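Please look over this model with me. My notes follow in numbered points.

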Amino acid sequence: MRLIQMAHSGDKEARDRLVEENVGLIWSIVRRFLGRGHEPEDLFQIGSIGLLKAIDKFDLSYQVRFSTYAVPMITGEIRRFLRDDGMIKVSRSVKELGMRAGAARESLSCRLGREPTIDEIAGELQVSREEVAASLEAGAEVESLYRSLGAGDGQDLCLMDRLEEKGDEEERLLNRMVLRELLMDLAPKEREIIVRRYFYNQTQSAIAAELSISQVQVSRLEKKILRQMREKL
């Protein structure tokens, strides 16, 4: 937590140390995606971008382990890469430079406190600005189109829908964290009622039969528990 706080204050050494200490975490996630036509080192670079985003966006008030927050961020970054890769074919060298340029842009953004210029990224990578521009354009071209990706759940999806997915994933993660804390504060019987009612979609009558109490008791308990959860929330 101290290193994250220092990194948020602009301490590059603290940020680098956080990356170094979580190398094993990145590789543990990368191993889940091996055998899909990509080199492990490429997936590791993508996972590293996810880790950097987790470091920059982690809120110390979450009161959870950093790894709990970082795992879905790293996993999501790799999944997005695998999902979007191949829609537009570019050379391996351009892909590799694009990944390096993306990582450099993330690093420079944190260090400078603003979006870096093409020249600054080129200087960081010691390549020409034309090469950086070409690699970033090759990677960004897919993400800039409102092209159809096929049907999903009866609806036609486009890339914009996928781009918004990142925020949704983070929001769902935080919601699960909060919900877990609220549920853990409940008594076992209270927790069972809420889980049966809202996770298994059981009726109050069905729950009453399972717990050998009346439906009226279930109704009263449910209202009481939800009120307590709202107050704590």
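1. Overall make-up. The protein chain has 13 helices and two strands. Keep in mind that this is a predicted model. The chain runs to 233 residues, and 36% of them are buried.

2. Surface and contacts. The accessible surface of the protein chain is about 14100 Å². Carbon and sulfur atoms account for 49% of that area. Consider next the contacts between residues at least 6 apart in sequence: 54% of these link residues at least 24 apart.

3. The H11 and H13 pair. These two helices span 188–198 and 215–232 respectively. Their axes lie 10 Å apart, and the packing angle is about 100°. H11 is therefore roughly perpendicular to H13, since angles of 65 to 115 degrees fall in that class.

4. Who meets whom. From H11, the residues in contact are Lys-189, Glu-190, Ile-193, Ile-194, Arg-197 and Tyr-198. On the H13 side they are Leu-221, Glu-222, Lys-224, Ile-225, Leu-226, Gln-228 and Met-229.

5. A nonpolar surface patch. Which residues form it? They are Leu-179, Tyr-198, Phe-199 and Tyr-200, and together they have about 440 Å² of accessible area.

6. Is Tyr-200 buried or exposed? Its relative accessibility is 57%, so Tyr-200 counts as exposed, the cut-off being over 50%.

7. Gln-126. This residue is not a glycine, yet its phi is positive, at about 60°. Where does Gln-126 lie? It sits in the loop between helix H7 (118–125) and helix H8 (129–143). Gln-126 is exposed because its relative accessibility is 72%.

8. Ser-212. Here too a residue other than glycine has a positive phi, near 60°. Ser-212 belongs to the loop that runs between H12 and helix H13 (215–232). With a relative accessible area of 67%, Ser-212 is exposed.

9. Points to check on screen. View H11 against H13 for the angle of about 100°. Finish with the loop residues Gln-126 and Ser-212, both with positive phi.

How values were computed: Residues numbered from 1 in each chain as written. Predicted model: local features only at pLDDT ≥ 70, side-chain atom pairs only at ≥ 80, totals over all residues. Heavy atoms only, no water. Patch = residues over 30% accessible without salt bridge, like charges linked within 9 Å, V, L, I, M, F, W, Y side chains within 5 Å. Areas by Shrake-Rupley, 256 points an atom, 1.4 Å probe, with all protein chains shown as cover. Salt bridge = Lys/Arg side-chain N within 4 Å of Asp/Glu carboxyl O. Helix = DSSP H or I, 4+ residues; strand = E, 2+ residues; numbered from the N terminus. Buried < 20%, exposed > 50% of the residue type's maximum accessible area, 1.4 Å probe, protein only. Contact = heavy atoms within 4.5 Å. Axes fitted to C-alpha atoms, helices over the stretch in contact; angles between N-to-C directions. Parallel < 35°, antiparallel > 145°, perpendicular 65-115°, else oblique.
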